[in-house]
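Today I am looking at a ligand and the space around it. My notes follow the model below.

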Amino acid sequence: MAAAYDSGNIFAKILRGELPCNKVYEDDRSFAFLDIMPRTPGHTLVIPKAPARNILDVAPDDFAYAMRIAQKIAIAAKGAFSADGITLQQFSEAAGGQVVFHLHVHVMPRFAGVALLPPASRKEEPEVLAEHTRRLIAALA
Ligand code: 5GP
């Protein structure tokens with residue numbers, strides 16, 4: 001049986017406005033914001049607004065919609081950061097690498113010959129995140 005969704009997770013708190021974030025996109029079904037410990041400049045997380053722990057319990061339509069927005073962010077990010085490529089990742093359950101238990105899709109701009117930083121290796125400076133947020137929002141406009 002799938003584990004239950006816990007509404008106390010960090011991303012649920014961000015969605016409710018209880019914790020701050022660098023928002024780059026929002027509509028009635030999805031929300032996207034910068035990862036606080038980016039593995040590459042512009043590392044963005046796309047989440048459905050509907051509560052879902054991960055790919056094992058998300059409603060198919062909610063997942064499909066989040067992926068549609070991930071594509072939108074990917075295209076904008078490639079331009080905003082002059083990236084050579086994009087990597088998407090989605091981790092489900094601890095054994096799958098998941099740390100925060102509200103479904104999210106990582107959208108990561110990639111640069112030829114540059115490896116991703118390991119997960120959670122360093123917190124980015126707030127002013128850098130703010131500048132990257134502005135760049136992404138402009139590219140999405
Ligand atoms: P997971 O391994 O669950 O797929 O990844 C969780 C991601 O959330 C990590 O990349 C981590 O850096 C990011 N993260 C953890 N806490 C916060 C936070 O408070 N705010 C933001 N924006 N990202 C976070």
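I set the pocket definition down first: on a 1 Å grid over the protein atoms alone, a pocket is an open set of points with protein on both sides within 12 Å along at least five of seven lines, and lining residues have an atom within 4 Å of a point. A volume is the space filled by probe spheres set on the points, which are joined across faces, edges and corners.

This is a predicted model, in which local features need pLDDT of at least 70 and side-chain atom pairs pLDDT 80 or more, while totals for chains, interfaces and linings use all residues. Residues are numbered from 1 along each chain, and side-chain values use heavy atoms, without hydrogens and water.

I looked up the largest pocket and got a volume of about 710 Å³. It has 30 lining residues, and F11, D35, I36, M37 and L45 are the closest to its centre. By class I count 19 nonpolar, seven polar (Gly goes here) and four charged residues in the lining.

**Ligand.** Where does the ligand sit? I found the ligand in the largest pocket, meaning that more than half of its atoms lie within 2 Å of the grid points. 16 residues surround the ligand, with D35, G97, V99, H104 and H106 the closest (heavy atom within 4 Å).

**Polar contacts.** I use N or O pairs within 3.5 Å. A ligand nitrogen is 2.9 Å from a polar backbone atom of L34, and a ligand oxygen is 2.6 Å from a backbone N or O atom of V99.

Methods: A polar contact is a pair of N or O atoms within 3.5 Å; within protein, one must be able to donate a hydrogen and the other to accept it, and residues adjacent in sequence count only if both atoms are side-chain atoms. On a 1 Å grid over the protein atoms alone, a cavity is a set of points where a 1.4 Å probe fits but cannot get out, and a pocket is an open set with protein on both sides within 12 Å along at least five of seven lines; lining residues have an atom within 4 Å of a point.
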